[in-house]
Amino acid sequence: MTAAEEKTSEAPANTAEAPIIEIKDLNKWYDDFHVLIDVNLTVNRGEKIVICGPSGSGKSTLIRCINRLEKHQKGDIVVMGHELTENTKDVSLIRREVGMVFQSFNLFPHLTILQNLTLAPIWIRKMSQRDAEKIAWKYLKRVNIAEHALKFPSQLSGGQQQRAAIARSLCMQPKIMLFDEPTSALDPEMVNEVLDVMVKLAEEGMTMLCVTHEMGFARRVADQVIFMDEGKIVESQSPEKFFSEPENERTRKFLKQIHAIS
Amino acid sequence: MNNKLYGRIKSIRHDYFNTPVNAVLSLVMIFLLAKVAIWFVNWAFIHAVWTGETSEVARPGGATWAFIIKKFRFFLFGFYPKQHIWRILVTLVLMGASFVPYFMKRVSHKVLVFVAHMVLWPFVIGLFLAGGLGLEKVSTNNWGGLTLTFILSALGLLYSFPIGILLALGRRSEQRIIRILSTVYIEFFRGIPLITILFMSSVVVPFFLPSGVAIDKIIRVVIGMTFFQSAYLAEVIRGGLQAVPEGQYEAADSLGFKFGLQQYLIIMPQVLKITIANIGGISISFIKDTTLVLIIGMFDLLGIVKPLASDSNWLGMEPEGLIFAGLVYWVICFAISRLTYKIEVKVNTLPATGVKA
């Protein structure tokens, strides 16, 4: 256990210059359905990547492969120097370094917000309750829900729950944050409070991969915008180029549709 | 107040006396109910006899509660020797006291308390009730009455819980062999009557034990009941597991929780909340099922009525005995029902979040 832990804690130092995530020729099937086809992606430390595309294009599946919520069948995924394979021990070690925020928040309903935040630091990071609570309060203040710390998730609005969920991930002090459509389940008036938290996080230098259709957010923080369709990365560009002169016909069509909606 | 009363009278008239036929039916029913109630009050209270030494004090049309009062010790403790009854009381006090840690804030891992119960209860029961370490032995054949009912129920529930949880998890396991074994176990024990299991444990099992090895009947019965009960609990818990959204597992995974801690800290607390009403119901039926041991010659609270009413001084006292036993079962089961309802109200104020997208 300790040897393995050292391995992960050393990993960032060893890979300081190497990409934090490297995905090579990734292929994934659900039975006969080919969800991801030869996906290649390199993410450097501190990079912010926004992934968009029509529903069913495989974008959520892609980021869920990065913390192995989904298993891939072909290709390599290397996260912080560790290759993701059938070795489950490594997987839970990687997962504690990779935070994830879900569309449906997935807070633990039987625990208060504060307990939601301290659960993993106490049990996984083996922190004392005091230290864990200190960190929890820090992030609760940062996402502006400190006054709700002792409430249960069901007593909070969707926006507040999602901010709590972000804080819960941050309490593990992850090196990478994955966002899987974090604002799609929210009422429109709550989208911005969540995006503001994400922008702040981006400005602090967190490595982020966001599946989202919030193009304003992409423009503002992304280093790279990826458009996926039918399991493939169709286009990968800087936001300036992506929005002003997209190369691919499908990207243009998609952007038009998005603009038509918003 | 008057308005309310008036409204109620009006609704009764509307619901039960709205047509001539309904009115007649209602009157007949009221008459019959009143008749039964009056007869029962007469029998149980007005013509009842509360004191006396033999059934000769009985009055026609009245209950002879003197029988219950005279035999009260046997209803509670069976044929346990009188001079040793303090040992039963010590056992009950110790078992009761062992619940205290559940309510202590300092004890953060209640599951360890539960494990301690699983280990210590049999020792306490074995030491004080059966005797040992200098205490005179009392054969389990003398155990009976409410004490026996309590011991069978408590031990049966205690062990069937963890086994039920494991079976429920096993039935949902990704390992095919574990899944099949769990399913076969559950379906097998749900498919045969409890009486069969009790007969097997009392008659067939000793036959197959190697000579010289004797396992006490009580132990065999508790094991058999645990097998039976855990299969039912497993299905209730499996239902609760299915009600926990997939997102809860994913959130726990993504924070780095592995299976065991994930179940302990995140999934099971939610499952127990969801299933509390069903678990209460199953506990009630389990307690009532323990009465079946009278078939294999054990004298639990119900089974002891017959030998007591065979006392030549108290012949023909079965009705009083059965009604008394029934009343005690009802009080116990009603208390559990209210308790689970209270717990349910307390925990269900927190609906689950995180709808699976």
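Trainee: What makes Cys210(A) buried or exposed in this predicted model?
Mentor: Its relative accessible area is 2%. Buried means under 20%, so Cys210(A) is buried.

Trainee: How many disulfides does a search of the whole structure find?
Mentor: Zero, over all chains. As for another cysteine, Cys333(B) has a relative accessible area of 10%; the limit for buried is under 20%, so Cys333(B) is buried.

Trainee: What kind of aromatic pair do Trp123(A) and Tyr264(B) form, among the aromatic pairs of the structure?
Mentor: The structure holds 22 aromatic pairs over all chains. For Trp123(A) and Tyr264(B) the centres are 6.2 Å apart and the planes make 85 degrees. Centres within 6.5 Å make a pair, and planes over 60 degrees apart count as edge-to-face, so this one is an edge-to-face pair.

Trainee: How do you know which chains that pair joins?
Mentor: Trp123(A) lies in helix α4 of chain A and Tyr264(B) in helix α12 of chain B, so the pair joins two chains. Trp123(A) has a relative accessible area of 23% and Tyr264(B) 31%.

Trainee: What is the pair of Phe99(B) and Tyr102(B) called, and why?
Mentor: It is called tilted. The centres are 5.8 Å apart with 40 degrees between the planes; under 30 degrees would count as stacked and over 60 as edge-to-face, so the remaining label applies. Phe99(B), at 38% relative accessibility, is partly exposed, and Tyr102(B), at 23%, is partly exposed.

Trainee: Which residues do ring pairs link into a cluster?
Mentor: Trp39(B), Phe40(B), Trp43(B), Trp50(B) and Trp65(B).

Trainee: What makes Arg168(A) count as lying over the face of Phe108(A)?
Mentor: Arg168(A) is 4.5 Å from the ring centre, and the distance limit is within 6 Å, with an angle limit of within 35 degrees of the ring normal. Likewise, the charged end of Arg73(B) sits over the ring of Phe74(B), 4.4 Å from its centre.

Trainee: What is noted about phi of Arg68(A)?
Mentor: Phi of Arg68(A) is positive, about 60 degrees, although Arg68(A) is not a glycine. Arg68(A) is in the loop between α2 and β4 of chain A. Its relative accessible area of 7% is under 20%, so Arg68(A) is buried.

Trainee: Where is Asp25(A) found?
Mentor: In strand β1 of chain A. Phi of Asp25(A) is near 45 degrees, again a positive value in a residue other than glycine. With a relative accessible area of 41%, Asp25(A) is partly exposed.

Trainee: How do you know how far helix α10 of chain B reaches against what is expected?
Mentor: The helix has 27 residues and reaches 39 Å from its first C-alpha to its last, close to the 39 Å expected at 1.5 Å a residue. At the start of α10(B), a side-chain oxygen of Asp216(B) comes to within 3.0 Å of the backbone nitrogen of Ile218(B).

Notes: Residues numbered from 1 in each chain as written. Chains lettered and ligands numbered in written order. Predicted model: local features only at pLDDT ≥ 70, side-chain atom pairs only at ≥ 80, totals over all residues. Heavy atoms only, no water. Helix = DSSP H or I, 4+ residues; strand = E, 2+ residues; numbered from the N terminus. Expected span 1.5 Å × (residues − 1). Polar contact = N/O pair within 3.5 Å; in protein donor to acceptor, adjacent residues only side chain to side chain. Phe/Tyr/Trp six-rings, centres within 6.5 Å; stacked < 30°, edge-to-face > 60°. Buried < 20%, exposed > 50% of the residue type's maximum accessible area, 1.4 Å probe, protein only. Disulfide = S-S within 2.5 Å.
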